[in-house]
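Please have the model open as you read.

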Amino acid sequence: MLAGTLALAAVAGADDTGPTAVVNRLNAALLEAMKQGDTAGYQGRFDRLAPVMRQAFDFDYMAEKSLGNEWKSLSAADQAKWRDLFSEFTIANYAANFDRFTGQRFDVLGEDPSVNDSKLVKTKVISPGTNDVELNYRLQKTGGAWRIIDVYLNGTVSELALRRSDYSSVLQRDGFDALATVVRGKIADLAAGRGKREHP
C-alpha cells in the first residue's frame with residue numbers, strides 16, 4: 001500500500017509543472033477562496049488569489065492581445081499601466097464571482113493539444129442545485145513555464161476575444177485614459193459587490 005502511494009506521489013510530482021497542474025493549483029486556490037467567502041471578504045479573497053493567478057496567467061501576453069492592433073499605438077508608460085490594470089481586473093473578477101462555497105467542485109476533464117503548440121485544459125465547475133459551468137483554459141509555454149493565455153466560458157466563448165472587442169472600440173473612440181477609467185470603474189464595482197458575472 002505504501003509503495004503504491006509513493007508511486008502515485010512520484011507520478012504526480014513528475015508532472016507538477018504541466019498545463020493540468022497549473023490549472024489544478026488555480027482551482028485549489030479558488031476553492032479555498034470560496035470556502036473563506038464572506039469571512040475573508042472581497043479584499044481577502046483578492047489578496048489570496050493574486051499571487052496564484054499572477055503565476056498561473058501570462059497577464060502581460062493577455063493584456064497586449066486584449067487590445068489587438070491598438071496595443072502598438074500606446075506609449076511604453078501606458079502599456080505598463082494597461083498590464084497592471086488588466087491583471088487587477090482579471091483577479092477582481094475571480095475574487096468577486098468565486099465568493100461563496102455551496103458544495104462546488106472543479107473537475108478536470110482532460111488536456112488536448114491546441115494551436116501554436118499551446119494546450120487546452122478542459123474543466124467543469126460542478127455546482128449542486130445549479131447548472132454546471134465549463135471553463136476551458138488555453139496555456140502556452142512562456143519562459144519555460146506553462147501559463148494561461150485565454151479562458152473559454154461554456155467551453156467555446158473566448159474571454160480574450162470578448163475583451164478585445166470591448167476594449168479596442170473604447171480605445172479607438174475615446175482614447176487610453178477613457179479606457180483606463182472604464183476598467184477602474186469595473187474593478188470598483190466588483191469590489192463593492194456590483195457588476196458580478198464579468199466572468200471569469
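**From one tyrosine to the core**

Setting aside neighbours within four places in sequence, Tyr137 is in contact with Val23, Leu26, Phe57, Tyr94, Lys119, Leu120, Val121, Thr123, Ile148, Asp150 and Val151 (contact means heavy atoms within 4.5 Å). This is a predicted model, where local features need pLDDT of at least 70, side-chain atom pairs count only at pLDDT 80 or more, and totals for chains, interfaces and linings use all residues. Residues are numbered from 1 along each chain as its sequence is written, and side-chain values use heavy atoms, leaving out hydrogens and water.

Tyr137 also belongs to the largest nonpolar core, which has 50 residues; Phe57, Trp82, Tyr94 and Tyr137 have the most contacts inside it. Such a core is a set of buried Ala, Val, Leu, Ile, Met, Phe, Trp, Tyr and Cys residues joined through side-chain atoms within 4.5 Å, with buried meaning under 20% relative accessible area (1.4 Å probe, protein chains only). Helix H2 gives this core its largest share, 13 residues.

Now follow H2 to H4: their axes come within 8 Å and cross at roughly 150 degrees. Axes are lines fitted to C-alpha atoms, for helices over the stretch in contact, and angles run from 0 to 180 degrees between N-to-C directions. H2 and H4 are therefore roughly antiparallel to each other (over 145 degrees). Among the residues making the contact are Leu30 and Phe46 of H2 and Ile91 and Tyr94 of H4.

Definitions and conventions
Helix = DSSP H or I, 4+ residues; strand = E, 2+ residues; numbered from the N terminus. Parallel < 35°, antiparallel > 145°, perpendicular 65-115°, else oblique.
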